[in-house]
Amino acid sequence: MTIRSDEAAAMLADVETVVARVKQSRIYRSAALCIILWGVVDLVRDILIAVGPRWFGPRWFLIDLIGVAGTLALLRNGASPASRFPFRILAAFALFYAFGWIWSDLLGQLGPREEMAFWPTLFLFGYALAGLWFGAAFSVIGLVLTALILAGYFWSGEAFVLWQAFVTGFGFMLCGLWMRRA
Amino acid sequence: MDEPDDVIHQPVRLRVMAALTALGSDEEGLDFARLKSLTGATDGNLGAHLDHLARAGYVEVTKAFVAKRPRTTMKASAKGRAAFARHVAFLRSIIART
């Protein structure tokens, strides 16, 4: 059997395309469960804030901690036995929350409505950036949900908390299911 | 190595082996639907090529029930991984010679 150089190059290009798709699919699948988890966390948190704004409003962070712990557990379970605890993810969460606290409370002193828009869009900005390295689906999620949150901020009036619950809750869940199939 | 691997050389089988060897040996394999989407093959075509690879000992096929549904999972065997690596090295050597 004789194989020409251009045929060999085409076969290797084919191999690289398939390998890249498998790697991206693996990233999407491990991220999908975390995204679905955050959909549930956001939905529950925002509904609780809508029901009991005085108690849950200032304590939303406690519900987010459940999401952080769940994310770490999911990533740890999906990793190979030899791999270590996902310290980078934990550090990323810590950096996002620290940055958000500096600008929402320490320097910015945002109102409740602005805070409700600021926090998810901060994390969605991270999604939009992650998409540049890990696959366009992350950028699509980041940009589409940010646009919906801004639309709710300007036009949903008193229903903004429920709008947030719907957009981030069901939005993340649907995006996670979409990524699982990608 | 001066000869291509006749089993892997066929385009669909090359894509199947590329997909399966992209996963670590300790990772879960790929199911039929996922492999079909990655290789762009039809059901019958992919099934025939998987049989060919399995007969050569390059692919391990596991059939199980998940949530009461049958699920077929494919993994590259150690023999298959070695053969694929040799075939890719052969293709690279052709390019390097020109």
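This is a predicted model: local features need pLDDT of at least 70, side-chain atom pairs count only at pLDDT 80 or more; totals for chains, interfaces and linings use all residues.
Residues are numbered from 1 along each chain as its sequence is written, chains are lettered from A, and side-chain values use heavy atoms, with hydrogens and water left out.

Chain A has seven helices and zero strands, where helices are DSSP runs of H or I with at least four residues and strands are runs of E with at least two, numbered from the N terminus. The C-alpha atoms fill a box of roughly 75 × 40 × 30 Å along the principal axes. Of the contacts (heavy atoms within 4.5 Å) between residues at least 6 apart in sequence, 62% join residues at least 24 apart.

Of the 182 residues in chain A, 41% are buried, a term that stands for under 20% relative accessible area, with exposed meaning over 50% and partly exposed in between (1.4 Å probe, protein chains only).

On the surface, A:Ile27, A:Phe125, A:Leu129, A:Leu132, A:Trp133 and A:Phe134 form a nonpolar patch with about 680 Å² of accessible area together; such a patch joins nonpolar side chains within 5 Å, from residues with over 30% relative accessible area and no salt bridge, the latter being a side-chain nitrogen of Lys or Arg within 4 Å of a carboxyl oxygen of Asp or Glu. Accessible areas come from the Shrake-Rupley method with a 1.4 Å probe. Helix 5 (residues 112-134) supplies the largest share of the patch, five residues. A:Leu132 lies in helix 5 and is exposed, with a relative accessible area of 63%.

Definitions and conventions
Patches are made of residues with over 30% relative accessible area and no salt bridge: like charges are joined within 9 Å, nonpolar side chains (Val, Leu, Ile, Met, Phe, Trp, Tyr) within 5 Å.
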